[in-house]
Amino acid sequence: MRIHFRAICLLFAAAITAASCLNSDDDTVSYYDDAAITSFSLSSAKMTIHTTSSKGEDSTYVEVSTKVSNYNFIIDQLKGLIYNVDSLPVGTDPTKILCTYSTKNNSLAAIKSMTSDSLAYFSTSDSIDFSKPRTVTVYSSSGLAKKDYTISVNIHKEKADTLKWNQYPDCQFAKTAKGLKSFYLNGSIVLLAANGENTSVYSLDAANGRQFSSLNTTLATDAWKNALVKGNTLYVLDGKSLKKSADGQNYDTILDNAPIQRLIAASTEEIYGLDGDNNIMVSKDSGLTWNADQMDSDNKFVPTDDVSYICIPFKYSANSDYVLMAGNNAKASTASDSTAYVWSKTIDKSVDYKENKWTYYNYDSNSKATLKSLNGLTLVCHGNYILALGGKGLGGCKAAAYSAIYTSLDNGLTWKKNDTIVYPYGFDRNITAMAVCTDNDNYIWMVCNNTGQVWKGRLNEVAWQ
């Protein structure tokens, strides 16, 4: 039933008066000028659930779910806003929601109609239509004050576990490349493409760009595989010269004769390389000086081919980096080897830090869910996942080229195929090289040789994060 402000006040006063008459003459009734909602939550909602039968057939059913009570609502008393930061699952019916709330000092809440200015008692036993933000007015018990709130119930419009890919115009420069590597650098995707004689550099605006353009920069033949980004700077080993750049086009020389043969990884504090004997070297001053780093295993297992790495905050230790490095090593491998060479290091950035060694993941015949030895192996982070992408299996690994994207949720210890995180429909697997990176908006970028295909994709749940 719809009632107006005057009727609400009369009804509220009558209820107080009736309660007073039932008590003894010594009892008094207190009236307050406070008007506020002090808590708000959902009780239940109708939800459409998608399911798959044992035969693989899709179907749906509707249920009344109380799981919505687990979603917290923020009450902004200053702005008069009530809303949920974490959106309800896709399929939630916004028109059939039960909620519960509390008010200060028995103040009375009324909800405004969606079609007129009329008000109704804000009930916790009748379902409410929250398909649009609703205005709720709270009146103090004294009738002298009121406060308006806008309640919004946010619901996802997309499934969390859906990876959407978009295809961009082909990259003509990539078609003839024999080696590719890409990085996100200060708002751009920088692409290093090698043709067998030198490495050329291209870029694309990550936010608004559609096509790669040449930066008219030429580097040494193997520079594409000796490059990494630390912070906002690209580091490249150009022949024997170690260089840095903020845009991929203009370079400053750090060392003319660097004591390393390869650049392999970086944390937020350190840069890592390999010397001529495959020892891991570390620079703590952005490439100026290099020293042998500590390793816990024989250095013959260090990856020298298809080297890739990720650097993430170490979740088990505050103010620490976790670097995971993986790749292949043709000289150390045997014909039966089917797993990649994987190392990790935790870098403690606290004042009283402790030096940690590089740890080798010693896979053996009993190891399960190992990282496969894939041609062109590349690691990237995407949300809570570490992804491994690559071409045809090497040695004892019989994986078909680009047949699956492997994921790890335990810092690279185990790797599994994921039914959701897959290559896009229309992806041409007849390629021999691919560059993969992620940008500042958590998009995955893939650039392929032979076809020149360019793909950009992101999991919905990562976009929400």
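Colleague: How should I read the surface position of Asp-117: buried or exposed?

Modeller: Go by relative accessible area. Buried is under 20%, exposed is over 50%, and partly exposed lies in between, using a 1.4 Å probe and protein chains only. Asp-117 has 61%, so it is exposed. Keep in mind that this is a predicted model, where local features need pLDDT of at least 70, side-chain atom pairs count only at pLDDT 80 or more, and totals for chains, interfaces and linings use all residues. Residues are numbered from 1 along each chain as its sequence is written, and side-chain values use heavy atoms, with hydrogens and water left out.

Colleague: Which residue forms a salt bridge with Asp-117?

Modeller: First the rule: a side-chain nitrogen of Lys or Arg lies within 4 Å of a carboxyl oxygen of Asp or Glu. Here the partner is Lys-112, with the closest N and O atoms 3.3 Å apart. Lys-112 is partly exposed, at 29% relative accessibility.

Colleague: How many salt bridges does the rule give?

Modeller: The count is 7. Take Lys-284 and Glu-270, whose closest N and O atoms are 3.9 Å apart. This pair links distant parts of the chain, 14 residues apart. Lys-284 sits in the loop between E21 and strand E22 (291-292), Glu-270 in the loop between E19 and E20. Strands (E, at least two residues) and helices (H or I, at least four) are DSSP runs, numbered from the N terminus. Glu-270 is buried at 6%, whereas Lys-284 is partly exposed at 44%.

Colleague: What about Asp-293?

Modeller: Asp-293 pairs with Lys-345, with the closest N and O atoms 2.8 Å apart. Asp-293 is in the loop between E22 and E23, and Lys-345 is in strand E25, 52 residues away. Both partners are buried. Through shared partners, salt bridges join Glu-270, Lys-284, Asp-293, Lys-345 and Glu-355 into one network.

Colleague: Which residues touch the most other members of the largest nonpolar core?

Modeller: Such a core is a set of buried Ala, Val, Leu, Ile, Met, Phe, Trp, Tyr and Cys residues joined through side-chain atoms within 4.5 Å. The largest has 30 residues, and Leu-263, Ile-280 and Met-325 touch the most other members. Among the elements giving it two or more residues are strand E19 (262-266), strand E21 (280-283) and strand E24 (320-328). E19 gives the largest share, 4 residues. Apart from this core lies another, of 26 residues, including Met-47 and Ile-111.

Colleague: Which residues does Ile-280 touch?

Modeller: Contact means heavy atoms within 4.5 Å. Not counting residues up to four places away in sequence, the partners of Ile-280 include Ile-264, Met-325, Trp-358 and Asp-293.
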